[in-house]
Amino acid sequence: MTAVAEPRRRRLFRTQLRENVLGYLWISPWLIGFLVFTLGPMIASFAYSFTKYRIIKAATWIGVRNYVYALTQDDLFWSSLGRTFYYVLIAVPLGLLGSLLLAMLLNQRVRGEAIFRTLFYLPSLTPTAAAAIIWVWLLHYRIGPVNHLLSLVGIQGPPWLGAERWAIPSIILIALWTGMGGGRMIIFLAGLQGVPIEFYEAAEIDGAGWWHKFRSITLPMISPTVFFNLVLGIIGALQVFDIAYITTKGGPGRASWFFGLHIFSHAFEFFDMGYACALSWLMFIVLLVFTLIQMRMSDRWVFYAGSA
Amino acid sequence: MTEATSARASAHVVTGARTRRGRSYWLGIVWRIFVYLFTLVLGLMFMLPFFWSLSSAFKPVEDLYVFPPLWFPRHWQPQNFVQVFQLTPFAQWTWNSVKIAAFSVVGEVISAAAVAYGFSRYRFKGRNVLFVVLLSTMMIPIYVTIIPRFMLFRELKWLDTHLPLIVPSFLGGGAFNIFLLRQFFMTIPQDFDEAAYVDGASSWTIFWRIILPLSKPAISTVAIFSFLGSWQAFLAPLIYLNTKEKFTLPLGLTWFRQPLMDSSEPRDHLLMAASVMVTLPVIALFFAAQRYFISGIVMSGLKG
C-alpha cells in the first residue's frame, strides 16, 4: 500500500482514529493471546529462572545460581547441548538436501509425477507418534525388516536405536523419513518450476553444462527458499523432542539425551521449574545466536531476484 | 523436440530414408529410464514403513517375532483392530482428538482471519512493529513458554482438561496462519472495501461478505494445516493431560506401547493396528483434499 499520492476521498472516511480503533479491534484476539500465552509466560519464565521453585513450596529467589549450575556443574547440560548440535548439524543439511534432491527428481518430469509426489509426501503426514512406533519395529536388530533387507545385500545391520553410537543416527533417519518428502519438498519443487526457462536456454546457448546451469541459475533462484527453510529447520531441530521421547527416552544410557529432553525432565519429571526455566532461556539464547549468524551469512549467498 | 530432431524427423517422413539417431539421443533415453527407476526405488523405500505396518497390523502376534521377518501375514487377523478398541479407550481417544482438532481448526481459522484482516486492511499506529513481533514469535522455543503456561493452567485448574489445547487457538490462531492469510488478503484490491463502504457496509460486513468468500483457498489451507498440527500434536497433550481417558491419539498410542504391569503378553501387532488407525484419517484427508494441500503449501512457501 503506497502512501505517496492518496486521493482526497480516502481521507474522508479513513481517519487515523478509525484506522487505529478498528485495527486494534481486529487484531485483539492475537494481542490478547500474545500477552497471555506468549509475552506473559516469557516474562514469567525469565523471572522464575532466577528462583528455586518446585511447585509444592513457594518460589525463593536465588539469583543466577540456576545459570551457574547449568554452565558449570550440570554434566548433562553440555553433553545434551552437544548431542543436540550433533543432531542439528546432520539432520538439517541432510533434510534440506534430501528435499531438494527429491524435488529435482520430480522436476525431471518422469511419467506419473503426481503419483511419485504423493508417495514421497505421504510419510510427512504420519503423526510423529505413529511413525516413531512403526520405526522402532522396522529398526529392530534381529527381527526388523531394515536389517533383514540389509543382510540380503550382505550388510550386517547395527542395533540402531539400541546402540549408543546409532541412537542419534536412527532418530535422524526417522526424522528424515517424515521430513524429506513433505511440504519442504513441495515448496522446492514449486521454486524449481518457477525458474524461467529462458534462463536455462540462454545458458545453453552460451554452452553451459548441467553443473554450471545448476550452480549459476538453479541455486541462486531458489536460495531465498533454501534460506527460509534453513532458518526454520535449525529452530525446529534445536528443540528435538517427540521422536527421541517416544523411541529411546534419551537412551540407551544417555546416548540420545537431547537438550529438549533435559528441559522436559527437569520441568515435568522433577518439577524443578526454576531450573527448567533457566535452561529454556539458555536454549533461547543459543537459538538467537544461531539465527543471527545465519542472517549475517545470508548476504553472501542468498540472491533475491528483484521482487519474486 | 529440438529443431534439429524435428527437422530430422520430417526429413525421415519426406524421403523415407533411414536416419541414424545420434548418440546423445540414446544417452537421453538411458538417462530417462535410469531416473524413472531411481524414482521408483525411492518411492518404494518411502512406502516401506507403511507397507510393513499395514501388513503387521493384520498379523497374529507370533508372526511379528519370526525370523526372517514375514512380509505378509501367515494368517490374516483383522480382529487385531477390534482388540485395540477392547484393550484401550481407543474410541475415546479418537473422539478426543477429533474434538480438539475441530475446535482448534475453527478457532485458528476465525481468529487468524480476523487478525490478518486487521493487519492487512487497517493502517493503525504500530502496525509494522506489531507485525514484526508477530513474525518473531515463530522463533521462540516452545520450552520457554510452555513451562509457565503449565503453571498458568494449573492455577486456572485447567490441567487434565482439553482447554489448554483449545483455548489458545481462539486467541491469535497461530503466527504462521496469520502471516499466510495476511499475505493473501493483501492481494484483494482495496477498491472492493471502499465500494462496500460507500454502500454503507461496516467493517465486519466487509470482512464477512467480501474478504472471506474471496479467500476460500487460503482459508482451506489454514484449516488443513491447523488440523494436521492438532491431530499429531504430542508435547502439549503430554504435558497437560494425566488421565488415560482424556488422552489424544498420539498420546494414547505411546501409552499403549508401555507394557502393562499385570500382563506380559506382547502386543506389538495391536500396536501396529493402532498406529495404522491413527495415520489413516490424515491420509484419507490428503486424498480427499489433495488440491488444497499442494496449492496451499506452494502458496505458503512462495509467499514466505
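Start by selecting α4(A) and α8(A), which make a right-handed crossing. Right-handed here means that the near helix is turned clockwise from the far one by less than a right angle, and left-handed means anticlockwise. Helices are DSSP runs of H or I at least four residues long, strands are runs of E of at least two, and the numbering starts at the N terminus.

A word before you click on: this is a predicted model, where local features need pLDDT of at least 70 and side-chain atom pairs count only at pLDDT 80 or more, while totals for chains, interfaces and linings use all residues. Residues are numbered from 1 along each chain as its sequence is written, and chains are lettered from A, with ligands numbered from 1, in the order in which they are written.

**Stop 1: α4 and its partners in chain A**

Keep residues 75-106 (α4) and 164-179 (α8) of chain A on screen: these helices pack at an angle of about 35°, with axes 10 Å apart. Each axis is a line fitted to C-alpha atoms, for helices over the stretch in contact, and the angle between N-to-C directions can run from 0 to 180 degrees. To see who touches whom, show A:Arg83, A:Tyr86, A:Tyr87, A:Ile90, A:Ala91, A:Leu94, A:Gly95 and A:Gly98 on α4(A), then A:Ile168, A:Ile172, A:Ala175, A:Leu176 and A:Gly179 on α8(A). Contact means that the C-beta atoms, placed from the backbone, lie within 7 Å. Colour this α4(A)–α8(A) set by class and you get nine nonpolar residues, three polar and one charged. Nonpolar covers Ala, Val, Leu, Ile, Met, Phe, Trp, Tyr, Cys and Pro; charged covers Asp, Glu, Lys and Arg; the others, Gly among them, are polar.

The crossing of α4(A) with α11(A) is right-handed. On the α4(A) side, pick A:Thr84, A:Tyr87, A:Val88, A:Ala91, A:Val92, A:Gly95 and A:Leu96; they meet A:Val226, A:Asn229, A:Leu230, A:Gly233, A:Ile234, A:Ala237 and A:Leu238 of α11(A). What classes of residue make up the contact of α4(A) with α11(A)? Ten are nonpolar, four are polar and none is charged.

While you have helices on display, a handy rule: an α-helix has 3.6 residues a turn, so residues three or four places apart point the same way.

**Stop 2: α5 of chain A**

Select residues 113-121 of chain A, helix α5, where A:Phe116, A:Arg117, A:Leu119, A:Phe120 and A:Tyr121 are buried. Buried means 20 or more other C-beta atoms within 10 Å of the residue's own, 12 or fewer means exposed, and partly exposed lies in between, with C-beta atoms placed from the backbone. The buried residues of α5(A) pack against α4 and α9 (183-193) of chain A, and also against α2 (23-57) of chain B.

**Stop 3: all of chain A**

Zoom out and chain A shows 14 helices and two strands. Its radius of gyration is 25 Å, well over the 19 Å from the globule rule for 308 residues, so chain A is more spread out than a compact globule. The radius is taken over C-alpha atoms, and the rule is 2.2 Å times the number of residues to the power 0.38. Buried residues account for 41% of chain A.

Now colour by pLDDT, the predictor's confidence in each residue from 0 to 100. Chain A averages 89, and 94% of its residues score at least 70. Where pLDDT is low, the predicted coordinates should not be read in detail.

**Stop 4: across to chain B**

Select the contact between the chains: 71 residues come from chain A and 68 from chain B. On the chain B side, 47 are nonpolar, 15 polar and six charged.

Chain B itself has 16 helices and zero strands. Its C-alpha atoms fill a box of roughly 90 × 70 × 35 Å along the principal axes.

Finish with two of its residues. B:Val84 sits in α4 of chain B (residues 79-87) and counts as buried because it has 25 C-beta neighbours inside 10 Å. Leaving out residues up to four places away in sequence, B:Val84 touches B:Phe90, B:Leu270, B:Ala273 and B:Ala274.

Then jump to B:Ala112: the C-alpha atoms of B:Val84 and B:Ala112 are separated by 37 Å. B:Ala112 lies in α5 of chain B (residues 90-121), and with 29 C-beta neighbours inside 10 Å it counts as buried. Among the residues that B:Ala112 touches are B:Gly173, B:Asn177 and B:Val222.

Key: Contact = placed C-beta atoms within 7 Å.
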